[in-house]
Amino acid sequence: MWPLRLWDAQEVAIFLSLTLYVCHLAGAISIQSPQQSLTRPVQQDVLFSVDISCVGTPTIQWTFMSGRVSRDIGAWQPGGFTNVSEDYMDRVHTYTNGSMGLSALRIQDAGFYVITVTELSGSSKDEGFVLKVEEVLYEDLQFLAVFAVGLASLAGFLMVSMWLMDKAYCRIKAWRQRRQMPENDLTDLQPL
């Protein structure tokens, strides 16, 4: 027969600690994202799409990092307060699932974006995104093409103007020569 034994206080404490730890792991923060490296052209919008799951209502914070620069973008709680920094006030859109939209991208927006999700218990988790912002080259080519057409038109106008002025000069010169000639066609020839 199996001996029946009661647990002492230390064993009960260890059991409860392990049980709480396993329950805590089951309710851990989860941040899922379909894409963590994004590339967008200048003046376009980008959506940093995430899906957060955790126990309770989390606090979501987004931070921008590039080189030596680190700026807080904003923090909010789903269904609660939203605090977006003044630099991003007109360009950031927050969503209850933790996602963040950034509109009217600039070259300076390229860098590393970090989302930090913090539970009421104080535990937190970070996830990073890389954003590459590309300049649109076709706008530069369009400007260059319009500039070249403008220069070609100006050159054509100047060439036609010079041609017309040359024709006018030749006619004026011929008219003056005719005016200086004697009126009669008879010229006196003198013997040699």
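In strand β7, N83 is the bridge partner of A75. Strands β6 and β7 pair in the antiparallel sense over three bridges, two strands being taken as paired if DSSP finds at least two bridges between them. Helices (H or I, at least four residues) and strands (E, at least two) are DSSP runs, numbered from the N terminus. The model is predicted, and local features need pLDDT of at least 70 while side-chain atom pairs count only at pLDDT 80 or more, whereas totals for chains, interfaces and linings use all residues. Residues are numbered from 1 along each chain as its sequence is written, and side-chain values use heavy atoms, with hydrogens and water left out.

The secondary structure of the protein comes to two helices and eleven strands. From the N terminus on, the order of elements is α-β-β-β-β-β-β-β-β-β-β-β-α. Strands β6 and β7 belong to an open sheet of six strands, with the order β2-β11-β10-β5-β6-β7 and mixed pairing. The edge strands of this sheet are β2 (37–41) and β7, each of which pairs on one side only. On average, neighbouring strands here are turned by 25 degrees against each other, direction ignored; axes are lines fitted to C-alpha atoms, for helices over the stretch in contact, and angles run from 0 to 180 degrees between N-to-C directions.

A further open sheet has three strands in the order β3-β9-β8, with antiparallel pairing. Strands β3 and β8 stand at its edges with a single partner strand each, so one side of each is left without a neighbour in the sheet. The antiparallel strands β3 and β9 are joined by three bridges, and the bridge partner of F48 in β9 is M100.

A nonpolar core is a set of buried Ala, Val, Leu, Ile, Met, Phe, Trp, Tyr and Cys residues joined through side-chain atoms within 4.5 Å. Of the 24 residues in the largest one, F48, W62, I73, M100, Y113, I115 and L131 touch the most other members. At least two residues of this core come from each of β3 (46–48), β5 (59–66), β6 (69–76), β9, β10 and β11 (124–134). In soluble globular proteins, nonpolar side chains tend to be buried together. Contacts (heavy atoms within 4.5 Å) of F48, not counting residues up to four places away in sequence, are made with L38, W62, S99, M100, Y113, F129 and L131.

The structure holds six aromatic pairs. Rings of Phe, Tyr and Trp (its six-membered ring) pair if their centres lie within 6.5 Å; planes under 30 degrees apart count as stacked, over 60 as edge-to-face and the rest as tilted. The rings of F48 and W62 have centres 5.5 Å apart and planes at 40 degrees, so this pair is tilted. F48 lies in strand β3 and W62 in strand β5, so the pair ties together parts that are 14 residues apart in sequence. F48 counts as buried at 0% relative accessibility, and W62 likewise counts as buried at 0%; the classes are buried under 20% relative accessible area, exposed over 50% and partly exposed in between (1.4 Å probe, protein chains only). W62 and F129 form a tilted aromatic pair, with 5.5 Å from centre to centre and 35 degrees between the planes. This pair links W62 in strand β5 with F129 in strand β11, 67 residues apart, and both W62 and F129 are buried. Ring pairs link F48, W62, F64, Y113 and F129 into a cluster.

S103 is placed in the loop between β9 (100–102) and β10 (111–118) and is buried, with a relative accessible area of 13%. Leaving aside neighbours within four places in sequence, S103 is in contact with Q44, D45, D90, R91 and H93. D90 is found in the loop between β7 (82–84) and β8 (92–94) and is exposed, with a relative accessible area of 71%. D90 and L102 are twelve residues apart in sequence and 9.2 Å apart in space, C-alpha to C-alpha.

Over the whole protein of 192 residues, buried residues make up 22%. Among contacts between residues at least 6 apart in sequence, 52% join residues at least 24 apart. The protein exposes about 14,900 Å², of which carbon and sulfur atoms supply 60%; accessible areas come from the Shrake-Rupley method with a 1.4 Å probe, and for residues only the protein chains shown count as cover.
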